[in-house]
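Hi everyone, thanks for making the time today.

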Amino acid sequence: MPFSPLPRTHLRPWRALVLAATVLGATSSAQTGSGALEPCLDEQQMRRAVEQLNALRRQPASCAASAADVQHLTWESRLAASATEQARDLAVQDRLSHVDSRNRGLGVRLRSVGYAAAGAGENLAAGQNDIGDTLQAWLASPSHCANLMQPEYRDVGLACVQRRGSRYERFWVAHFGVPAAAPRR
């Protein structure tokens, strides 16, 4: 799948998974529906998740032309904030969607946290118990895998929010980006 600059992102209709990439724990005691919103992972676990993601990107994948061309992803706090906001919104709504409850797509959400992107992508997943299962699910989906292995991406933010008693319990979001000022390869 070719790299596409904003506003044309790697968004696909909802399937079993939804495109999105970010790992940052949400912090809230907000009560919604049947359960409070809680982070699935602490900051140290999130950092390890990014290490896992980078290790995965160095390996050959059926959805990628060559692992040699893939950039090392750097944790980006604004992408993490955007991913966390989307994961919280998904948990409150108890659904998967690339459009939030305020009808904002990825580009608008990234701009709202101050991330100017030349290109971006989003992977979403729900129900997986841990980041390993989430990454495997994304690898098994051709469109998610292509997004995950996109060689142009430089930045990443991840989030997982848990809402006990909801349909999926855990909502995973990954936001990938290329900063607008970054030279294109």
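I'll go through the disulfides, then a strand and its partner, then the aromatic pairs, and end with a helix.

One thing to keep in mind is that this is a predicted model.

Let's begin with the cysteines. The structure holds two disulfides. As a reminder, a disulfide is a covalent bond between the sulfur atoms of two cysteines. One of them runs from cysteine 40 to cysteine 160, with an S to S distance of 2.1 Å. This pair links distant parts of the chain, 120 residues apart: cysteine 40 sits in the loop between β4 and α1, and cysteine 160 sits in strand β7. The torsion about the S-S bond of cysteine 40 and cysteine 160 is about -60°, so this disulfide is left-handed. How accessible are the two ends? Cysteine 40 has a relative accessible area of 12% and is buried, and cysteine 160 is buried at 0%.

The other disulfide connects cysteine 63 and cysteine 145, S to S 1.9 Å. Here cysteine 63 is in the loop between α1 and β5 while cysteine 145 is in helix α5, so the bond ties together parts that are 82 residues apart in sequence. The torsion about the S-S bond of cysteine 63 and cysteine 145 is again about -60°, so this disulfide is left-handed. Is cysteine 63 buried or partly exposed? Cysteine 63 counts as partly exposed, because its relative accessibility is 22% and the cut-off for buried is under 20%. Cysteine 145, at 1%, counts as buried. If you count the bonded cysteines along the chain, the pattern is 1-4, 2-3.

Now please turn to strand β6, residues 117-126. How many of its residues are buried? The count is 10 of 10. β6 pairs with strand β8, residues 170-179, in the antiparallel sense over nine bridges.

Asparagine 123 is buried, with a relative accessible area of 0%. What does its side chain contact? A polar contact of 2.8 Å joins it to the side chain of asparagine 147.

On to the rings. There are two aromatic pairs in the structure. Tyrosine 153 and phenylalanine 176 are stacked, 5.3 Å centre to centre with 10° between the planes. Tyrosine 153 comes from the loop between α5 and β7, and phenylalanine 176 from strand β8, so this pair ties together parts 23 residues apart in sequence. Tyrosine 153 is buried at 0% relative accessible area, and phenylalanine 176 is buried at 0% too. Tyrosine 168 and phenylalanine 171 form an edge-to-face pair, with 5.8 Å between centres and 85° between planes. Phenylalanine 171 is buried, also with a relative accessible area of 0%.

Last stop, helix α4, residues 131-140. Which of its residues are buried? They are Ile131, Thr134, Leu135 and Trp138. Looking down the axis of α4, these buried residues fall within an arc of 95°, so they line one face of the helix.

Notes:
Residues numbered from 1 in each chain as written. Predicted model: local features only at pLDDT ≥ 70, side-chain atom pairs only at ≥ 80, totals over all residues. Heavy atoms only, no water. Buried < 20%, exposed > 50% of the residue type's maximum accessible area, 1.4 Å probe, protein only. Helix = DSSP H or I, 4+ residues; strand = E, 2+ residues; numbered from the N terminus. Pairing = 2+ DSSP bridges. Phe/Tyr/Trp six-rings, centres within 6.5 Å; stacked < 30°, edge-to-face > 60°. Arc of directions from axis to C-beta. Polar contact = N/O pair within 3.5 Å; in protein donor to acceptor, adjacent residues only side chain to side chain. Disulfide = S-S within 2.5 Å.
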